[in-house]
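Thank you all for coming.

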Amino acid sequence: MFAKEKKPPHAPLTCWPVHFRGTVADLAAETDAQLAKLLALGIVPGVGIHILRRSPCWIIQIGFTRLALDEAMARTILLQPAHPPEAGSSDPDG
Amino acid sequence: MLPDFKVDYSPTIEHLIGRLLPLLKGNYPFRPRAVALLLLQGDREIADLTARQEGPRFRQIQVIVKQAGQLSPPLSSSIALARHRRAQAITREVMGKPSLRPLGGLVDWLTLWPPTAFPILALILYYGLCRFVGGFGAQDLVDFIEGRVFQAWVSPIARELAARWLSPSLADLVAGEYGIITLGLRYAVGVILPVVGTFFFFFSFLEDTGYLPRLALLADRACKTVGLNGRAVIPLTLGLGCDTMATVVTRTLETTRERIIATFMLALAVPCSAQLGLIIALLAQSPLALGIWVLVVGTIFLTAGHLADRILPGPKAAFHMELPPLRLPVMGNIIMKTTARIQWYLVEITPVFLGTSLLLWFFDQRGFLQLIIQALRVPVQRLGLPPDAAQIFLLGFFRRDYGAAGLYDLRANLSTAQLTVATTTLTLFVPCLAQVAVMVKERGLPVAVLIVAAIIPLAFLVGYSLHHLLGVLPL
């Protein structure tokens, strides 16, 4: 939806292991409402995400916020590995 | 001086805003730039307002908004991204670099790790709901307010004053068997208030510790089997306090589909605390009977929810929730929240209870109640129960616990199997009249009628099957 230029490989959040730190590469929301929800939660391309748990629900950390998401919602977030200088930062511009 | 909070959007967006601004000449509650941004994001409410304010210019506005809608990536995402960047820049200025913290604290971890999280959940629900709300609220406090204050003081005084000053018919309306004071007010203040008051206290406590979102995420998978998501655990748990109030709370669910399913589940298979207490007392003599009741009501809850999920159209609601860190609550805040909620409850629910007693009084005056009792005798006998039990079912409709209380008086004449059939059927049977009134208010008449029409035959069918099944069991 957002990706235009060539980027490192990305995959749905649900494909990455626990403790993985990545950045949001794109959002694969199926409806406008779903996209609006993700954006309202602060999940926008470029932000850093740390996966904390996958059971009983997906739990992720974005900046100072911790979010619980179900499988269907987590699947719409496409992540790519965070670049070393960006690791630990949630700022899209580094 | 306030810092400049202007967000710089991409040239495309700024260009579109620039084209819209000269067309926005009406009166708006906020700045034209904000109106233009909302229009570009497809906000319907602001589009309606603009249509009214701008008259013929609205057609030109629509053309620009339509062009904006064809952009890729979607404009709402680009706007959100620009705002997020601006927020990040402000955060960086005032807070320094945000760091990603791992899950902190052992307790926090234990409430999320499934092998410990579910036992902790069970303990919290047992002590919170069964001991505090069920024991302290529904028994000790109800005994005091309803038993000592109302039965001993308020009702007799109301009866005496009404008899002295009012005509017999009006006296009946105020202080008769179904009187506004002797039934409506007594029920709202004497029975429901202590129960929901303790429930609200427990609920605010959970909320302030940050545990509530954990409860929702632990219940998410179970809720999904009945077409709901973890968020629904809040109204469903509230239903164990008062189903009428819980039906109002289904407003917090995201989609109409979820609200209908939750309303249906509350009406069918979630017994309220007043009813629950009496049912447990009735079946306490036989653990097997209590086990059967739990099994049947639980199975119906899951099956009916699953079917409702299959039948109702629309997408399933996704679950997302912010997870705040666990913290020690401040007692002052909990009391403040509880008080605010009790006030809300009194304003919202008390008129329903008063209206219910008004309706009952009217039915009683016209002799309708006796007619319905006669009509109910046949299905009640089919359940293997004495014809007298028909009255219990009718009362159960007007007040769920009143039905169970009537059963309590009849229990000496009933076998354990009959009690099991009667309590199960009463649990599933139509919610109380107050709940039906709220169902109509919240979901609309057609949905409420459909729900009630589905529940009555289902409750009797389950009771009928259970009666025949228990006939072959040594109970």
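This is a predicted model: local features need pLDDT of at least 70, side-chain atom pairs count only at pLDDT 80 or more; totals for chains, interfaces and linings use all residues.

A search over all chains of the whole structure turns up zero disulfides. A:Cys57, for instance, takes part in no disulfide, and the nearest cysteine sulfur, which belongs to B:Cys223, is 11 Å away. With a relative accessibility of 3%, A:Cys57 counts as buried, because the cut-off for that word is under 20% relative accessible area. B:Cys272 is likewise buried, at a relative accessible area of 7%, and I will return to B:Cys272 when we come to the cavities.

Turning to chain A, we have 94 residues, of which 59% are buried. The secondary structure comprises two helices and six strands, and when chain A is read along the sequence these follow the pattern β-β-α-β-β-β-α-β. Two loops in this chain deserve a moment of attention.

In the loop between β1 (11-12) and β2 (21-27) of chain A sits A:His19, which has a positive phi of about 80° although it is not a glycine. A:His19 counts as exposed, at 60% relative accessibility. In the loop between β3 (48-53) and β4 (58-62) of chain A we find A:Pro56, and the peptide bond that joins A:Ser55 to A:Pro56 is cis, with omega about 0°.

Chain B has 475 residues, 48% of which count as buried, and its C-alpha trace spans about 80 × 60 × 45 Å along the principal axes. What does its secondary structure consist of, in helices and strands? The count for chain B is 22 helices and one strand. The chain is divided into domain 1 (11-95), domain 2 (108-348) and domain 3 (355-471), and the centres of domain 1 and domain 3 of chain B, taken over C-alpha atoms, are separated by 55 Å.

B:Asp8 lies in the segment before α1 (11-20) of chain B and is exposed, with 59% relative accessibility; its C-alpha atom is 8.3 Å from that of B:Arg83, although 75 residues separate the two along the chain. B:Asp43, by contrast, is in the loop between α2 (32-40) and α3 (44-54) of chain B, where it is partly exposed at a relative accessible area of 28%. The C-alpha atoms of B:Asp43 and B:Gln391, which are 348 residues apart along the chain, are 54 Å from each other.

The buried residues in α22(B) include B:Val447, B:Ala448, B:Ile451, B:Val452, B:Ile455, B:Ala459, B:Val462, B:Leu466 and B:Leu470. As a reminder for reading such a list, an α-helix has 3.6 residues a turn, so residues three or four places apart point the same way.

What kinds of residue make up the lining of the second largest pocket? They divide into 10 nonpolar, four polar and 11 charged.

Of the 10 residues that line the largest cavity, B:Tyr187, B:Ile192, B:Cys242, B:Cys272 and B:Cys432 lie nearest its centre, while α9 (180-209) and α12 (243-249) of chain B are the elements that give two or more residues to the lining. The lining of the largest cavity divides into six nonpolar, two polar and two charged residues. This is where B:Cys272 comes back into view, as a buried residue that is among those nearest the centre of the largest cavity.

Notes
Residues are numbered from 1 along each chain as its sequence is written. Chains are lettered from A and ligands numbered from 1 in the order in which they are written. Side-chain values use heavy atoms; hydrogens and water are left out. Ala, Val, Leu, Ile, Met, Phe, Trp, Tyr, Cys and Pro count as nonpolar, Asp, Glu, Lys and Arg as charged, and the others, Gly among them, as polar. A disulfide is a pair of cysteine sulfur atoms within 2.5 Å. Buried means under 20% relative accessible area, exposed over 50%, partly exposed in between (1.4 Å probe, protein chains only). Helices (H or I, at least four residues) and strands (E, at least two) are DSSP runs, numbered from the N terminus. Domain bounds come from an automatic or database domain assignment. On a 1 Å grid over the protein atoms alone, a cavity is a set of points where a 1.4 Å probe fits but cannot get out, and a pocket is an open set with protein on both sides within 12 Å along at least five of seven lines; lining residues have an atom within 4 Å of a point.
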